[in-house]
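Reader: Got a model I'd like to talk through. Can you take me over the strands and then the ligand?

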Amino acid sequence: METLRLTEPWPALGPPIAKHLSQLDVRVEANRCLNCYDAPCIRACPTGIDVPRFIGRIATGDLLGSARTIMDANPVGASCARVCPTEQLCEGACVYNADQSPIRIGDLQRYATDWAIDSGATLFRAGPSTGKRVAVIGAGPAGLAAARDLARLGHAVTVFERDPHAGGLDTYGIVPFRLPAEIALWEAEQVRALGVTFRTGVSVGETIAAQEILAAHDAVVLAVGMGAVPRLGIAGEDAVGVWDALAFIRAAKSGAGVGALGGAVAVIGGGNTAIDAATASRRLGVPSVTMYYRRGPERMTAYQFEIEFAQLEGVEFRTCTLPSRIVVENGRVAGLEVVATDPGGSARSVPGTERVVPADTVIVAIGQSRHVALLDAFGVLYGPTGIAIVDDAMRTNRANVFAAGDCTFTPGGIDAMVVEAAQRGKVAARSIDDFLRGAAA
Ligand SMILES: Cc1cc2nc3c(=O)[nH]c(=O)nc-3n(C[C@H](O)[C@H](O)[C@H](O)COP(=O)(O)OP(=O)(O)OC[C@H]3O[C@@H](n4cnc5c(N)ncnc54)[C@H](O)[C@@H]3O)c2cc1C
Ligand code: SF4
């Protein structure tokens, strides 16, 4: 059954971070754009959004045209307007950086896509039918981007999604005050409007076998993201009050609830997921929230703007600190034992520096595991860390199986982010189209 929309609004957990531009701000910003030749902002966008074009359309009052320009290049452009690290991407490349006043591209993108959401417009049409059938496994940013472009190219697409709602981490993983679930669901709805079938609540490999999918489709895109947070491997991990950060955010965002957290939350990790868990905890009313990271601050993978935001929200940071044991009393978390690590950044613990810090809840955010069993089921080769091996065209070792998004990002390589996942989904769609048209010839 297709359940792309929420029947009840999900909790917002306090005011959104993004500030709405006033009409005057919009007019001033849009008219400041120089429409640069060979615009660096376009080159800095992984999906290649024609930034001066969408801004120019805002300036002339053509908001539908503006939203189309954004969403044409980036099928999850409304989500990206909220979560992209724009200062590292388009805004970081804007020529106005010379005097520290880059165009507020992200805010303008949000303005145009918000207009499209409110207008109820369907932005694109499906292409003439090719008679080919493609299965997309996973309805996160990569899967939605692939499905959207495949449908525009005329292929019949079915998206298989394990969760009840589409959107992947945009719906369930990124905290609602940065990205409300409704935005990702609108993007999924735009895809569904092209005739794409969504089979939600279907876990490929469990509810339906990989072989069945392969037999019924001409090509498959694996866009399954990553899995749960791995275990820490320390004593006390199974106590009540220890959370996988993704499960924690999901419960808080979907309204399932996280129960009583106590007066002190310890978040373990130094990435964006850790920050989201920490800021969500603060917004859930926990007075003391501390992030513990085993290396120095310069090695934290969270975006700088996120770290600054967490500090503003009252989150404390302890770097070069490694958890060594969760203190448990009556089956519940009663504290966290930590040990200092070598300040050189090796993450090796310094003997004799153990101490117990206050913690009623421990949230673990130390990365994500990989879906290797599913890759095995499709006969797809993967590297030592469980990443699907793909070429630049998102082709795997199997001619009719492609992969995109987080399940293809090598740790330490390109950042796993929404816009990159979407771009890989687009590339996979284009490659499948080439493959299917070649196969048909
Ligand atoms: C807490 C958090 C905060 C983040 N913040 C940011 C940010 O601020 N900016 C940013 O750009 N990026 C951020 N990211 C990263 C971003 O969310 C991911 O890079 C992006 O969602 C990857 O998209 P994807 O489609 O590859 O995977 P996902 O979004 O993980 O989607 C994969 C989908 O596949 C489905 N699936 C998995 N297995 C199966 C199966 N067997 N059968 C059917 N369906 C299956 C899953 O249910 C899921 O819906 C954040 C991530 C997290 C966890
Ligand atoms: S670099 Fe800045 S000024 Fe130039 S086109 Fe892009 S947004 Fe406009």
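Author: One term before we start. Two strands count as paired if DSSP finds at least two bridges between them. Also, this is a predicted model.

Reader: Fine. How many bridges join β9 to β10?

Author: Eight. Strand β9 covers residues 321–329, β10 covers 332–340, and the two run antiparallel.

Reader: Which residue in β10 is the bridge partner of V327?

Author: G335. Further along, L322 has V339 as its bridge partner in β10.

Reader: What sits between β9 and β10?

Author: Two residues; the strands form a hairpin. N330 is in the turn, with a positive phi of about 50°.

Reader: What is the strand order in the sheet?

Author: β9-β10-β11, three strands in an open sheet with antiparallel pairing. The edge strands are β9 and β11 (355–357), each pairing on one side only. From one strand to the next, the twist averages 35°.

Reader: Switching to ligand 1. Which residues come nearest?

Author: G138, G140, G168, G225 and G405, out of 38 residues around ligand 1.

Reader: What's the shell like by class?

Author: Around ligand 1 there are 20 nonpolar, 12 polar and six charged residues.

Reader: Which elements supply at least two residues of that shell?

Author: The helices are α8 (141–152), α9 (169–172), α12 (245–254), α13 (272–283) and α16 (418–440).

Key. Residues are numbered from 1 along each chain as its sequence is written. Chains are lettered from A and ligands numbered from 1 in the order in which they are written. This is a predicted model: local features need pLDDT of at least 70, side-chain atom pairs count only at pLDDT 80 or more; totals for chains, interfaces and linings use all residues. Helices (H or I, at least four residues) and strands (E, at least two) are DSSP runs, numbered from the N terminus. A residue is near a molecule or strand if its C-beta atom, placed from the backbone, lies within 6 Å of it. Ala, Val, Leu, Ile, Met, Phe, Trp, Tyr, Cys and Pro count as nonpolar, Asp, Glu, Lys and Arg as charged, and the others, Gly among them, as polar. Axes are lines fitted to C-alpha atoms, for helices over the stretch in contact, and angles run from 0 to 180 degrees between N-to-C directions.
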